[in-house]
Amino acid sequence: MGYCCGASMIGLIGSYRQQSIMVHQVPLMFCPVCHSIEVHPAVKEEVELVIEYALEDRVREVTLRETITPEMIAEWKEAGISFQETDDLEPILREQIDHSLDLLRVSKVLNDKEWGEELKHRLSVLTTQLKKLEQQKEESR
């Protein structure tokens, strides 16, 4: 499971740009708090090779669909606490909020005030994102 700024990273398949190359169908890890994105470690070498070949061949867009095996995807899904298979971010945000609340309870039991404050900040960011998402859904109806 990946962590960033204290939050659990969400797994998703998306597009990734490095140098002048756009790579599609890349297993990524996404932080719902700071919005950091990184290539999943299970496929990082494959992505780097595809980018290297694309640069040599002067190709601007490639896809990993042919390179990534089902076993790699299964490993990737197991490594994350959440996996976003649709465009709907709401269930993932709710899951992250629940997870953070559980951790906040643990921080109180351990009397770890610093960790508790970090978790409260994470909860604030996640809650704000969830409210914005809900508001966007209401406006689009």
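Q: Helices are DSSP runs of H or I with at least four residues, and strands are runs of E with at least two, all numbered from the N terminus. With that in hand, how do you know that E90 and R94 are separated by about one helical turn?
A: They sit four residues apart in helix α3, so about one turn of that helix separates them. As for ground rules, this is a predicted model, where local features need pLDDT of at least 70, side-chain atom pairs count only at pLDDT 80 or more, and totals for chains, interfaces and linings use all residues. Residues are numbered from 1 along each chain as its sequence is written, and side-chain values use heavy atoms, leaving out hydrogens and water.

Q: What makes E90 and R94 a salt bridge?
A: The term asks for a side-chain nitrogen of Lys or Arg within 4 Å of a carboxyl oxygen of Asp or Glu. The side chains of E90 and R94 have N to O at 3.0 Å, so the pair qualifies.

Q: Why is E90 called buried, and what is R94 called?
A: Buried means under 20% relative accessible area, exposed over 50%, and partly exposed in between (1.4 Å probe, protein chains only). E90 has 16%, so buried it is. R94 has 37%, so it lands in the partly exposed class.

Q: Which residue in α4 does R94 in α3 pair with, and what does the pair tie together?
A: That would be E134, whose closest N and O atoms with R94 are 2.5 Å apart, a salt bridge again. E134 lies in α4 and R94 in α3, so the pair ties together parts that are 40 residues apart in sequence. E134, at 30% relative accessibility, is partly exposed. E90, R94, E134 and K137 are linked in a network of salt bridges, and the structure holds five such bridges.

Q: Why is α3 called roughly antiparallel to α4?
A: Helix α3 (residues 90-109) and helix α4 (residues 113-140) pack at about 160 degrees, with axes 9 Å apart. Axes are lines fitted to C-alpha atoms, for helices over the stretch in contact, and angles run from 0 to 180 degrees between N-to-C directions. Under 35 degrees is roughly parallel, over 145 roughly antiparallel, 65 to 115 roughly perpendicular, and the rest oblique. So α3 counts as roughly antiparallel to α4. Sorted by class, their contact has twelve nonpolar, seven polar and six charged residues.

Q: How do you know that S107 is buried?
A: Its relative accessible area is 2%, so S107 falls in the buried class. S107 belongs to helix α3. Leaving aside residues up to four places away in sequence, it touches D112, W115, G116 and L119, where contact means heavy atoms within 4.5 Å.

Q: What makes E117 and K120 a salt bridge?
A: Their side chains meet at 3.6 Å, N to O. Both are in α4, three residues apart, about one turn of the helix. K120 has a relative accessible area of 42%, so it is partly exposed.

Key
Nonpolar A, V, L, I, M, F, W, Y, C, P; charged D, E, K, R; others polar.
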